[in-house]
Amino acid sequence: MASDHEQPGLSSFGKVGKSSGEIGAEHEPLINGIHSSENYSASAAILPFLFPALGGLLYGYDIGSTSCATISIESATVSGVSWYDLSSVEIGLITSGSLYGALIGSVLAFNIADFLGRRRELITAAISYFVGALVTAFAPNLVVMVIGRFVYGIGIGLAMHSAPMYIAETAPSQIRGLLISLKEFFIVLGMVAGYGIGSLLVETVAGWRYMYGASTPLAVIMAIGMWWLPASPRWLLLCAIQGKGDMQELRETAICCVCRLRGQSIGDSASEQVDEILTELSYVGEEKEATLGEVFHGKCLKALIIGAGLVLFQQITGQPSVLYYAASIFQSAGFSAASDATRVSILLGLLKLIMTGVAVVAVDRLGRRPLLLGGVSGMVVSLFLLGSYYVFLDDVPAIAVAALLLYVGCYQLSFGPIGWLMISEVFPLRHRGRGLSIAVLVNFGANALVTFAFSPLEAWLGAGIVFYVFGVIAVLSLLFIFFIVPETKGLTLEEIEAKCL
């Protein structure tokens, strides 16, 4: 977009645009909560959610399929390659290749997100998914396979950054929490699908190639769908008030996008909704383009503390490590199916799916804070129970099984979906691209750190003490949620910026 157009005042659209702090009370419709009703068609709201959510499904599928693919590729009889005799480091490169790619994708998102916009970033993510999956599936050697995993991971980083932004900025405020939480549901659904398809193909010759190649059709559908969907109206309006294009032209484009996103139910109110957003963006001072330093000051710093804090605690309360122990816990309890890791994974995946569904239904009714506080409290109990099992209750395996199931269920009620929901809501629009990329980077970085550090810590301290440490961290996360995290239920994104930051 051209940047040399002079920005007209909002008064030309029947609103008075003033800098932050100067606007009169009669020009604060969103801050006072008197914004016009967001009419929308349920059918029209599905596709703007569905295609971005495929990015989450492909991320989850990678987690599930990789757990089975590593079993397949190490088999002398069914790997279908001569380089199947892999060391633990080489297996680690396969399993973590996409994670490190996701870290790079998050760094890239910091620099390109506001330039590309949410829609084009999701298209780029879909292309990375497609290329990475193909390269991995047809890899002639380990080096090419790791490169494919890395490229796929870049798609994960871009998708997990842009999908929650696009959904948050295009969804009606009444169902925004439900739709963003459904993205987490799609991640878990992808995991279950990956475990299921992997278990079916694990005995097939070169089955790992089919596991990875199976994701390519969804990547194509995601790319085509995002090409068809409109751009985020809020991103267009941000470009408009920052003088990155003709104000009138961008406003009309935003109105057309709102009409497509809401369907026929929007009636004649699309123009009014767009003007309300423009007025509010002017009120909260979004006219200037964001600089790097601003991300760590003022409102954005507070949003960064909230968002990055949530996704940090999401990982350092032990989520990767608890699942690591799932198979051994089930085996100790005498479950005959526990000897098969893929079956245990499917069982836990189904539990995660059910509990995520509960969170999706409840998040816009109960609110974010009640689910976070209740769910994390359950995680605290489960972590101390797991620690006690490994320290002095090892003759009561039922306690470990109950604690494991409690942990998984409570995590999916709280940190799982609501961490991603909150980071998509709390950042001011002008800083949303960069702020959310930092939060996603913190998430994947903490995941990599916990995954890497768990085995050395277990060997040094013992599993019980490590779970006690996770329990203490979970208590600290409860205090963080209680004192720092605001309630955003029912607020528009502009109201969240004005009232909560």
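**Close-up views of a predicted model**

Figure 1. Phe-482 is placed in helix α19 (helices are DSSP runs of H or I with at least four residues, numbered from the N terminus). This is a predicted model, in which local features need pLDDT of at least 70 and side-chain atom pairs count only at pLDDT 80 or more, while totals for chains, interfaces and linings use all residues. Residues are numbered from 1 along each chain as its sequence is written, and side-chain values use heavy atoms, with hydrogens and water left out. With a relative accessibility of 47%, Phe-482 counts as partly exposed (buried means under 20% relative accessible area, exposed over 50%, partly exposed in between; 1.4 Å probe, protein chains only). Together with Phe-296, Leu-301, Ile-305, Val-472, Val-475, Leu-476, Leu-479, Phe-483 and Ile-484, Phe-482 makes a nonpolar surface patch of about 910 Å² (patch residues have over 30% relative accessible area and no salt bridge, and nonpolar side chains are joined within 5 Å; a salt bridge is a side-chain nitrogen of Lys or Arg within 4 Å of a carboxyl oxygen of Asp or Glu; areas come from the Shrake-Rupley method with a 1.4 Å probe). Helices α11 (298-316) and α19 (463-484) each supply at least two patch residues, and α19 gives the most, with seven.

**Figure 2. The largest nonpolar core.** This core has 107 residues, of which Tyr-129, Leu-310, Phe-415, Phe-427 and Phe-444 touch the most other members (a nonpolar core is a set of buried Ala, Val, Leu, Ile, Met, Phe, Trp, Tyr and Cys residues joined through side-chain atoms within 4.5 Å). Helix α4 (residues 142-170) contributes the largest share, 11 residues. At least three residues come from each of domain 1 (41-229) and domain 3 (292-500) (bounds from an automatic or database domain assignment). Apart from this core lies another, of 21 residues, among them Cys-239, Leu-250, Val-258 and Ile-266.

**Figure 3. The surroundings of Leu-348.** Leu-348 lies in helix α14 (residues 341-366) and is buried, with a relative accessible area of 5%. Residues up to four places away in sequence aside, Leu-348 touches Leu-323, Ala-326, Phe-330, Leu-404, Leu-405 and Val-408 (contact means heavy atoms within 4.5 Å). Leu-348 and Val-408 are 60 residues apart in sequence, yet their C-alpha atoms are 7.6 Å apart in space.

**Figure 4. The backbone at Ala-206.** Ala-206 is found in the loop between α5 (176-201) and α6 (207-213). Although not a glycine, Ala-206 has a positive phi of about 55°. Most residues other than glycine have a negative phi. Ala-206 is buried, at a relative accessible area of 14%.

Terms used:
Patch = residues over 30% accessible without salt bridge, like charges linked within 9 Å, V, L, I, M, F, W, Y side chains within 5 Å.
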